[in-house]
Amino acid sequence: MNQSHSETTQPNALEVSHLTMRFGPVTALDDVSISINPGEIHGIVGHNGSGKSTLVEILAGTYAPTNGALSLFGSPTPFPAQSRDSSRFPVAVVHQDVGLVGSMSVVDNFRVNRFTTTAFGTLNWRSEKRLTRQRLESLGLEIDPDILVERLSVADQVLIAVARALLDLEEIRKRSEGKDQEILILDEPTSSLPSGTVDSFLSTISEINRNFSTTVIIISHNPREIMSLSHRFTALKNGKVVGTYITGQVDYTELAELMAGQEIKHNADKRVEFSSRSEKGGREVLKVENLIAQRIKGVDFTINTGEVVGITGLLGSGHEDIPYILCGSSPKEGGSIYFLGNKMEKLSPQRFRQMGGMLLPGDRKLTSGVPLATVRENMTMGYLDPYLKGRVLSKKSEHRSVSNMLERLRIRPKDPDRTLATFSGGQQQKILVARCILRSAPLVIIDEPSTGIDVGARDEIHATLREMAKDDTAVVVVSSQYEELPMVCDRVLVFQNGIISGELTGDQVSEEAILKLCYMDIESKVS
Amino acid sequence: MPDQSDSSNREANSNLSPTRVAEPNDSISTEGGAGQVTSTQHLPETVGSSNLRTFIKRYFVVLLLPALIILFAILAPSTFFTAYNFETILTTNAVLIILAIGETAVLVTGEFDFSFGGTLGLSAAVVVMLITNLKMPTLEAVFISLLAALLVGVVNAYFVVKLKVKSFIVTLGMGTLTTGIGLGITGSQTISNPSKFLSTVMTKRIVGVGLPFFYGLILVAIIWFLLEYVKTGRNMYFSGEGRKAAFLAGIHVNKIRAGVLIFSAFTAWLAGMVMLGQTTAVDATYGGPYLLPVFAAVFLGFTTIRSGRFNALGTLVGVLVLAVGSTGLEILSVASWITQVFDGGVLIVAVGLANVLGGERIDSWL
């Protein structure tokens, strides 16, 4: 399937060769070589942590690479972070977060830093507004330049950012004596778009590519985007290039296989032994019927005691909202949730807790842990009842219980009165997981348990989660790191575009199977 | 060719072990955004040499109190170091203790209350006017003024919790608003205290110290116990230090925030009653000058005993340090403006001290 693409006489628009980027011990990009043809739309696809974003940051000038060379339109060029004059670098990047100031007007955002002045030194508003209006109209946007950006739809905001990037490129072209060379990089442009507007956005990008002969590089985790928009695409995995392919020649199944790659086997020995996977037939703790929310388009599932259930999907597929909808902090738009057989009418974190639910959110510094509070306080947060004598807290019994837990989970230093912030990420996560053990709730939902922690701590947490499920508890692990799920889960629900694209049980749970369900062309299967 | 001189060092130091490449965790630092490796990895301090230092850090402000007393006792033995003087210091600072305890509870939960001065003045004004103009019995008048003060607290809480306005802004406005209403009620006059009852209750002395000081002590004890040994107290700290985490853990964060704002209005009312009884005349602006000493005392307390956390005993010590310091300076017959210089200076120094002495908690707070 690999393409040889240097037969054309025209030089490549952009070519990186042997690009390596290391952050301390972590290699984010490992000897990456990619060639982009002039005038093409080139997709860069890869899972979480494949190195896509690092590549963009290097081309945007955020990082200087550890190693590697760049050439633009045939001539060797320093990377922007290493170049003294990066204002002539003919590459414009539209970042994921778009980079507009919501509280300022369209024209302010559009012309920031580039305002022209009149003979009196005042801003030339009339011509600025005219220019802004023209530019936006050329992309099919009819927008009053005086309106505040935050009042526009997200789709329009992304287009404004694209229009601004195009104008940047044009000015760079003028400065470099009119050679027709420009490259537009879109980093996950549709990740914040409502699903209904993605198609029209993508066709606008197509038009820009056709009308202005702009070379477009689009970074995306969404295979559908790459399949429908790009001419060719390059797949990245774990910082390495898997290959560059002509889009029409690869189908979704092949793409999933590419993303799975060969390196997948190294985790196989950590997989939960099938014999130790729990027998079905625990008590039903949670039942979700036709759940509808902002990014969820109707899902049904049940969770039983004695099992660890994984919930995953590509970023933005809706799985990441599930814990917060269940605990009542994110709104639900429809459907029913039954907790231990009771229909939950009004959801709130307080109600969720009272019913016996326990959520460990995904951000240790903000949503799950309290860095400034002590280990003891963090571990017993929200559940002090076992240490109350009457209404008075017995610090001695709290201290004892927390010390035992520190011993059991081998957390060092074994000091319950240190603040959480003084522990490493892995230890912090173990401390917070201990909160779930102390609580022994019928339902424990853990969001992204292994973010930013070392492999050792991750394995220990997995072991703890499995142990927890042996008691009369149901454990739900929500994770975007699909690799960890086969190590801990009895069952995995894979989300794609707000619905469950498949459910894997027992022997079926594997990295390959999860990836296939992530990338599978689910819409064509349905129709 | 690109210049790579500064990146080559990094390369030499990095671990090239090939097995690391494919670890799933590596993804975190390569993809920007939510998963950044952000854990602070403070290494455990070496034990031993740090014990004394930790002690001094934690109790610096507490130790400051006897130090100041000794200093002034040496400088002014006959006037400062007398039982009468200490009785006076404790008696006259009852109002400060009561106000500072209310503010302590508010600051613990991560909110601010700047309105206590106005609430104090309003409470006093209401009592005075009900007794003088409407000839109402004292107890009824006092009760109605309590309701008025609580109403101020409820309105504060409504704006902060329901309308999600920063407490800083709401209470700043409320402080001026209530002072204005107080002035309206009293016709901008200074009015003499018409209630014998209040005077008797507030000027009664036990072992030479005025009764209101003991009200303050009771409040200190209650809030100390609440913060240390009651579930609600623990949740108050969580509301301040990790509100989002507390909310998701099912803690009634909003009830707590509303509660402390109402409690603070209650302490302002009590302080108003004390002031009315202790002084012969009041005006609605009498609470204003307490704004700064209250914050200075509470922040001094923040640095001590429960270092890096607002706590009731610390607040008490903070008040006493301020009281001893400013009384001592006055006795040395430095002009009376010195009190303001002292209070203001202490607030700044307290916060600076907190940073220098402080643990990891303080950095993020101030």
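**Reading a two-chain predicted model**

User: Which domains does the domain assignment give for chain A?

Analyst: The assignment divides chain A into domain 1 (14-93 + 181-264) and domain 2 (282-370 + 442-526). Please keep in mind that this is a predicted model, with a mean pLDDT of 84 for chain A and 90% of its residues at 70 or more. Residues 1-8 of chain A stay under 50 in pLDDT, and the model gives them 13 contacts beyond four places in sequence. Residues 274-278 of chain A are also below 50, with nine contacts in the model beyond near neighbours in sequence.

User: How far apart are the C-alpha centres of domain 1 and domain 2 of chain A, and how many residues of each are in contact with the other?

Analyst: The C-alpha centres of the two domains of chain A lie 31 Å apart, and twelve residues of domain 1 are in contact with 13 residues of domain 2. On the domain 1 side, helix α7 (residues 252-260) of chain A gives the most, with five residues. By class, that side of domain 1 of chain A has seven nonpolar, five polar and no charged residues.

User: What does the radius of gyration say about chain A as a whole?

Analyst: Chain A has 16 helices and 22 strands. Its radius of gyration is 26 Å, close to the 24 Å that the globule rule gives for 527 residues, so chain A is as compact as a globular protein of that length. Along its principal axes, the C-alpha trace of chain A spans about 80 × 55 × 50 Å, and 49% of the residues of chain A count as buried.

User: How should I read backbone angles, and which residue of chain A has a positive phi of about 45° although it is not a glycine?

Analyst: As a general idea, most residues other than glycine have a negative phi, and most peptide bonds are trans. In this model, A:Glu448 has a positive phi of about 45°; A:Glu448 sits in the loop between β19 (443-447) and α13 (455-470) of chain A, and counts as buried because it has 23 C-beta neighbours inside 10 Å, where 20 or more are needed. Phi of A:Arg410, another residue other than glycine, is positive too, near 50°. A:Arg410 lies in the loop between α11 and α12 of chain A and is exposed, with 10 other C-beta atoms within 10 Å. The loop between α11 (395-408) and α12 (425-439) of chain A also holds A:Pro413, and the peptide bond from A:Arg412 to A:Pro413 is cis, with omega near -10°.

User: Is A:Ile296 buried or exposed, and where in chain A does it lie?

Analyst: A:Ile296 counts as buried, with 26 C-beta neighbours inside 10 Å, although its place is in a loop, between β11 (284-292) and β12 (297-304) of chain A. Apart from neighbours within four places in sequence, A:Ile296 is in contact with A:Leu291, A:Gly318, A:Asp321 and A:Gly498.

User: How can I check the span of a helix, for instance helix α13 of chain B?

Analyst: In an α-helix there are 3.6 residues a turn, so residues three or four places apart point the same way. For helix α13 (residues 253-278) of chain B, 26 residues at 1.5 Å a residue should span 38 Å, and the end C-alpha atoms are 37 Å apart, which agrees. Of those 26 residues, 23 are buried, so α13(B) is largely enclosed by the rest of the structure. Chain B has 17 helices and four strands, and 48% of its 366 residues count as buried.

Terms used: Residues numbered from 1 in each chain as written. Chains lettered and ligands numbered in written order. Predicted model: local features only at pLDDT ≥ 70, side-chain atom pairs only at ≥ 80, totals over all residues. Helix = DSSP H or I, 4+ residues; strand = E, 2+ residues; numbered from the N terminus. Expected span 1.5 Å × (residues − 1). Buried ≥ 20, exposed ≤ 12 C-beta atoms within 10 Å, placed from the backbone. pLDDT = per-residue confidence, 0-100. Contact = placed C-beta atoms within 7 Å. Rg over C-alpha atoms; globule rule 2.2 N^0.38 Å. Domains from an automatic or database assignment. Nonpolar A, V, L, I, M, F, W, Y, C, P; charged D, E, K, R; others polar.
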